[in-house]
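Please look over the sequence and the structure shown here before reading the briefing.

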Amino acid sequence: MIDEPLGLGARSWPRPRSLGGSGTPRVSGSSGKVGCHLLPATRCEASPLLRGRMGPSGLLLALALHLAACSRPHRDYCVLGAGPAGLQMAALLQRAGRDYEVFERESAPGSFFTRYPRHRKLISINKRHTGKANAEFNLRHDWNSLLSDDPQLLFRHYSKAYFPDAGDMVHYLGDFAKRLGLHVLYNTNITHVTLDKDPQAWNGHYFILTDQNGQAYQCSVLLVATGLSVPKLVDFPGSEHVEGYESVSVDPEDFVGQNVLILGRGNSAFETAENILGVTNFVHMLSRSRVRLSWATHYVGDVRAINNGLLDTYQLKSLDGLLESDLEDLALVKDSKGKFHITLKFFLEEDKSSQSADSIPLPQDDNDNFAMRVAYDRVIRCLGWKFNFSIFNQSLRLSSGTEFGKKYPLIRASYESKGSRGLFILGTASHSVDYRKSAGGFIHGFRYTVRAVHRLLENRHHGIAWPSTEHPITQLTSSIIRRVNEASGLYQMFSVLADIILLKENATAFEYLEEFPMQMLAQLETLTGRTARHGLFVINMEYGQNFSGPEKDVFYYDRSVAHIEDAWRSNFLHPVIYYYRHLPTEQDMRFRPAQWPLPRPVAIHHIVEDFLTDWTAPVGHILPLRRFLENCLDTDLRSFYAESCFLFTLTRQRLPPFCQQGYLKMQGLSITKSLRQHGVESRLLKDYTAMEDSSRWPGDHPSAPEPLTQSPDSNKEEL
């Protein structure tokens, strides 16, 4: 369970055990934002060597700098933002008993959802009923809940709507922070972040955060969960006349009888169009790229069906429409009546002498069939969001300067900044790792990537290895089957987070690690504290490579694969198991085959797709998987009756693992009348009762039965 909070007033701030040394307690100022904090003794003691070399003026300067440094409250972990990702990380840090603080500029958690989406309906599904009691399985279809040990902190308790209201999310996040007693400093706007190099710091430097009041905070690790908060703008002549999604009216009455042009083609654009379709003359939508539908691409960030009414009205010729053009090649001209006209930028560049807006050349002057020759009453920008780089000093090297780097910070597959060790990006802003590939930009995805980052930090700074469970090799098949049928992180973060099975010596046992960032596989031993010396399996969930895409017909006839021998052709989401004798290297990862999530393995197995996503069919799913594992390990993973193990002991030099780990240790399943009957009916055992009845003469005593034989080469599935 989550640790019970001490309460802000009585809260203590212990230094981490892994730092070593002692700390000097210091009390912060009277602002009330922070109670007491501890600073490493080495940070608040002047070096004797420096004291011996400095003159009086140097000592005064050193003292001033020393006092300034000592006045900074220190936290091992600083989290920027109390949105879903920030609160998820806070809950994990709290449970682990770490020294942390969350900084939130507003007065409550989830401030983004108080404003967005503008029309208040979320597109994250709230499936309250699945017919299953398994909590892990149910999270597969709960796109709003964060991870905690409190069953009351599931989003289904906060809304009955399939697509809930954004206000319900605000309520939920507030309760999440309150019930778990998370340490959040509200009304604290961090305006600047920089580095302070120090060889004694965990990462060779501290992160210095400064708030709106000039108060500085010192952190060993910085976890940025601020999301994408800066609206993307477009720069073309006349763009000052464009209204932004963040400020445009949401009252349909303000659009009655108007001609509206929307710039953009994502969910915010379609959400805006959906709100006004019934009252406008028409809505035109203009974007550089063609529309991408989530049911065609399997990417939740593309246009969802709940908002795509404009596609119906466009294709059914009801005046609304979609157009493609590079927005930066256009210009917007306002005439004397306040109407807006679309023209080309080079027309303005060619005719610089025109002083009147009504005299500026328009495309329809040369082409009277120009698609956008109509005048518009309003032009609305719905181009999405980008990361706010402005508060970060250039020394942190968060931006690459590329077009994609202007939207997302530059990070590794471990979600750590490429430019600053110890700086991690969480939540929506970390979506560059799996952009248009998986669900890492959304709650139902990043709640698992945040947990992966936390596990990495626990190993790096506190010596706590990545959580794992160890099992005898006989449980290998059942362990995989259980995870692919119920695991939520594996299911939602397909092709990003994978389960890792580390084999022990001679393949007598295995260690099971859940939800590891698969692109970091080459660094698995360093990141997890586990060893991979005897081979490993990687369990991933994948779509068929040629099935989905904006130009694909995903509803074509015969789209499903049902035959086991064609499992590798499966189109829909299905489990894929990779086998490696050795841990892949960095070079293997870098030069893997195109479109492959991992390097070429020694062997690979696809579990055939299933319409119910229920991979428990004995013949269709379990038997092929077991045989694949047996071929990889050169062993027999079946279960046997005790009588069969006894026979193998007498006749074979090498026993199946089940007999080695069970029968020879006086463990296993004893035969009963019902089990014997089942064995006879499935032709695994001989029916000795019938043989005795047919061969017995009157007066004879029952003879002892022959040994029960169970062929080790039987194609039947043994118990």
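This is a predicted model: local features need pLDDT of at least 70, side-chain atom pairs count only at pLDDT 80 or more; totals for chains, interfaces and linings use all residues.

Residues are numbered from 1 along each chain as its sequence is written, and side-chain values use heavy atoms, with hydrogens and water left out.

**Sheet**
- An open sheet is formed by 6 strands in the order S19-S21-S20-S22-S23-S24, with antiparallel pairing (two strands pair if DSSP finds at least two bridges between them; helices, H or I of at least four residues, and strands, E of at least two, are DSSP runs numbered from the N terminus).
- Strand S19 (468–472) and strand S24 (603–606) each have a single partner strand, so one side of each is left without a neighbour in the sheet.
- Strand S20 (residues 497–503) pairs with strand S21 (residues 509–517) over 6 bridges in the antiparallel sense, and Ile-500 stands opposite Leu-513 in S21.

**Helices on the sheet**
- Helix H12 (residues 476–486) packs on the sheet, touching S19, S20, S21, S22 and S23, where contact means heavy atoms within 4.5 Å.
- Helix H16 (residues 618–633) also packs on the sheet, where it touches S20, S22, S23 and S24.

**Helix against helix**
- Among the contacts, Leu-476, Thr-477, Ile-480 and Ile-481 in H12 meet residues in H16 that include Ile-622, Leu-625 and Arg-626.

Notes
Axes are lines fitted to C-alpha atoms, for helices over the stretch in contact, and angles run from 0 to 180 degrees between N-to-C directions.
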